[in-house]
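Visitor: Please walk me through some of the side-chain pairs here, once the model is on screen.

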Amino acid sequence: MPQTLSSASMFTPCGFSPHHLHPSKDDDKGGLIFQDGNLTSASLDALIQHLIPTADYYPEKAYIFTFLLSSRLFIEPHELLSRVCHKCIEQQQLDDPVLDKARIRKFGPKILQLLTEWTETFPYDFQEEKMIGCLKDIIHRIAPCDEINAAVSDKVVAFKSKPPSIQREMLSVCSDPYTLAQQLTHVELERLSHIGPEEFVQAFVHKDPLESTKPCFSEQKKTSNLEAYVKWFNRLCYLVATEICMPAKKKQRAQVIEFFIDVARECFNIGNFNSLMAIISGMNMSPVSRLKKTWSKVKTAKFFILEHQMDPTGNFYNYRTALRGAAHRSLTAHSNREKIVIPFFSLLIKDIYFLNEGCANRLPNGHVNFEKFLELAKQVGEFITWKQVECPFEQDDNIIHYLHTAPIFTEDGLYLASYESESPENQTEKERWKTLRYC
C-alpha cells in the first residue's frame with residue numbers, strides 16, 4: 001500500500017506546524033518569504049529549488065508533501081519532475097564526463113529518498129510515461145557510483161514491481177452484472193450525446209486539390225467529443241484488465257472474469273455493443289489472456305459465445321447482423337429500453353472514414369459527388385437517432401463515479417501484476433519481466 005505521512009506529523013490543530021519549515025541561510029536570496037518562522041510565499045522557481053536536496057540539505061517531509069500536493073495547480077507533475085531533474089543535473093554536474101563520486105555518494109541517497117517519497121505518496125503521478133522517463137534518467141545518472149548502485153536497484157524494483165494496491169475493486173462497488181451493464185449504458189449514452197454530427201466529417205478533413213493547398217476548414221478541427229469517447233472505450237478496456245489482474249488469488253481473479261463475462265452478456269442484451277466490445281477487448285489483452293491457471297477456473301462457454309458475436313471475420317458479419325436486429329427493434333420500440341442501440345464505435349468510425357473518402361473525391365468533371373453525401377448523411381443520421389435516446393435505467397452515482405475515477409494500470413503495470421500473479425513461462429516473458437523490473 002502507498003505510504004503517506006500521518007496528518008499528526010505535519011499539522012497542528014492551528015494549521016501548518018511552523019517548526020517543520022526552517023529558513024535556510026540562502027532563503028532570502030532564493031525568494032522564500034518567511035513570517036514568524038513560517039514559509040508564507042515564494043516564486044514557483046524558488047519553491048522548486050527548496051524541494052531539491054543537496055549533499056548537505058534535505059527538505060522537511062511536511063514541505064515535500066505540501067508542495068507536491070498543491071504545486072499541480074501551477075505546474076503539471078511531469079513538468080515539475082523534469083525541472084527537478086534538470087536542476088539536479090546542473091547543480092550536481094551530473095553531465096560531466098567524469099563524475100565527482102564523493103559528491104554523488106552524499107547527494108545520491110537524498111535525491112533517491114525524495115523520489116521514493118514522491119512515488120509512495122502520489123503513485124498515480126507515475127502512470128505517465130513522461131514521469132517514468134525522468135525517473136529512469138536521474139536514477140541512471142547516480143547509479144554508476146558502486147556504493148549506491150544496490151540501493152538504487154532496490155528502490156527501482158520496489159517502485160516498478162506490482163503497482164500500488166487499489167483500495168477498492170469493482171465487486172465491492174457493484175456485484176450485480178445487470179446493474180453494472182445499465183450503468184455502463186448510462187455512461188455510453190451520456191458521452192454519445194455530446195458528439196456532434198460534424199465531428200465525423202471534421203475528423204477526416206482533407207485538403208481540396210482544386211483549392212490549391214487551402215484546407216477545407218480554416219479553424220482547428222473540432223473533434224474533442226469524438227476523441228473523448230474513444231478514450232472512454234480505451235479506459236474501460238484497461239479498467240477490466242486491471243480489475244482482473246489485481247487480485248492476488250486465482251480464485252478471485254476467476255471470479256472477476258466470470259463477473260465481467262456476465263456484464264458483457266447483459267450489455268449485448270441491452271444493445272450496448274460498445275461496452276461489450278471494450279470488456280471483451282480487456283479480457284483479451286495479453287496480460288489477462290496469459291493467466292492460464294486463472295482461466296482454467298473459469299466457465300468459458302458464455303465468453304466464447306460473446307467472442308463469436310464480435311468476431312471480426314467477414315468484416316464483423318455476426319456483429320453487423322446483431323446490430324441490424326437491434327436497429328430494427330429500435331424502430332418498432334414502444335419504450336426507451338427497446339430503443340437502445342450503442343454501436344461498436346471504432347468500427348462505426350472506420351465505416352464513416354470510407355464514406356468520407358468517397359465524399360472527398362470529386363467526379364472527373366470536377367463536380368462534388370452528392371450521392372456519397374447522401375450515404376454519409378444516412379449513416380450519421382442513424383447514429384444521431386441512436387444517441388438521442390434517453391437512458392431508461394436509474395442512475396447510480398457511486399458506480400458511475402467509480403467507472404470514471406478508479407485507478408487503472410498502464411500496459412507495463414498490467415504485465416507486472418500479471419507476472420506476479422502467474423510467473424513468466426517462457427524466455428520472452430522472463431526477459432520482459434526482467435526489463436520491467438530493472439529498467
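Guide: Let us start with Arg83, which is partly exposed at a relative accessible area of 26%; in these terms buried means under 20%, exposed over 50% and partly exposed in between, with a 1.4 Å probe and protein chains only. This is a predicted model, in which local features need pLDDT of at least 70 and side-chain atom pairs count only at pLDDT 80 or more, while totals for chains, interfaces and linings use all residues. Residues are numbered from 1 along each chain as its sequence is written, and side-chain values use heavy atoms, with hydrogens and water left out.

Visitor: OK, what do the side chains of Arg83 and Asp45 form?

Guide: They form a salt bridge with an N to O distance of 3.1 Å. Since Asp45 belongs to helix H3 (residues 44-51) and Arg83 to helix H5 (residues 77-91), the pair ties together parts that are 38 residues apart in sequence. A helix here is a DSSP run of H or I with at least four residues, numbered from the N terminus, and a salt bridge is a side-chain nitrogen of Lys or Arg within 4 Å of a carboxyl oxygen of Asp or Glu.

Visitor: And is Asp45 buried, exposed or partly exposed?

Guide: Asp45 counts as partly exposed, at 36% relative accessibility.

Visitor: Which residues make up the salt-bridge network there?

Guide: Asp45, Arg83 and Lys87 are linked in that network.

Visitor: How many salt bridges are there by that rule?

Guide: The count comes to 9. One of the others joins the side chains of Glu429 and Arg290, at 3.0 Å from N to O. Glu429 sits in helix H24 (residues 427-438) and Arg290 in the loop between helix H15 (286-289) and helix H16 (292-295), so this pair ties together parts that are 139 residues apart in sequence. Glu429 is buried, with a relative accessible area of 14%, and Arg290 is buried too, at 8%.

Visitor: What about Arg432, which residue does its side chain meet in a salt bridge?

Guide: Its partner is Asp412, at 4.0 Å from N to O. The pair links distant parts of the chain, with Arg432 in helix H24 and Asp412 in helix H23 (residues 411-421), 20 residues apart. Arg432 is partly exposed at 29%, and Asp412 is partly exposed at 24%. Arg432 also lies over the face of Tyr415, 3.6 Å from the ring centre; the rule asks for CZ of Arg, or NZ of Lys, within 6 Å of the ring centre and within 35 degrees of the ring normal.

Visitor: Switching to rings, how many aromatic pairs turn up?

Guide: A search of the whole structure finds 15 aromatic pairs. In one of them, the rings of Tyr319 and Phe344 have centres 6.2 Å apart and planes at 80°, so the pair is edge-to-face. Tyr319 lies in helix H18 (residues 313-331) and Phe344 in the loop between helix H19 (336-339) and helix H20 (345-360), so the pair ties together parts 25 residues apart in sequence. Rings of Phe, Tyr and Trp (its six-membered ring) pair if their centres lie within 6.5 Å, with planes under 30 degrees apart called stacked, over 60 edge-to-face and the rest tilted.

Visitor: Are those two buried or exposed?

Guide: Both Tyr319 and Phe344 are buried. They also belong to one aromatic cluster with Phe233, Phe268, Phe273 and Phe316.

Technical notes:
Helix = DSSP H or I, 4+ residues; strand = E, 2+ residues; numbered from the N terminus.
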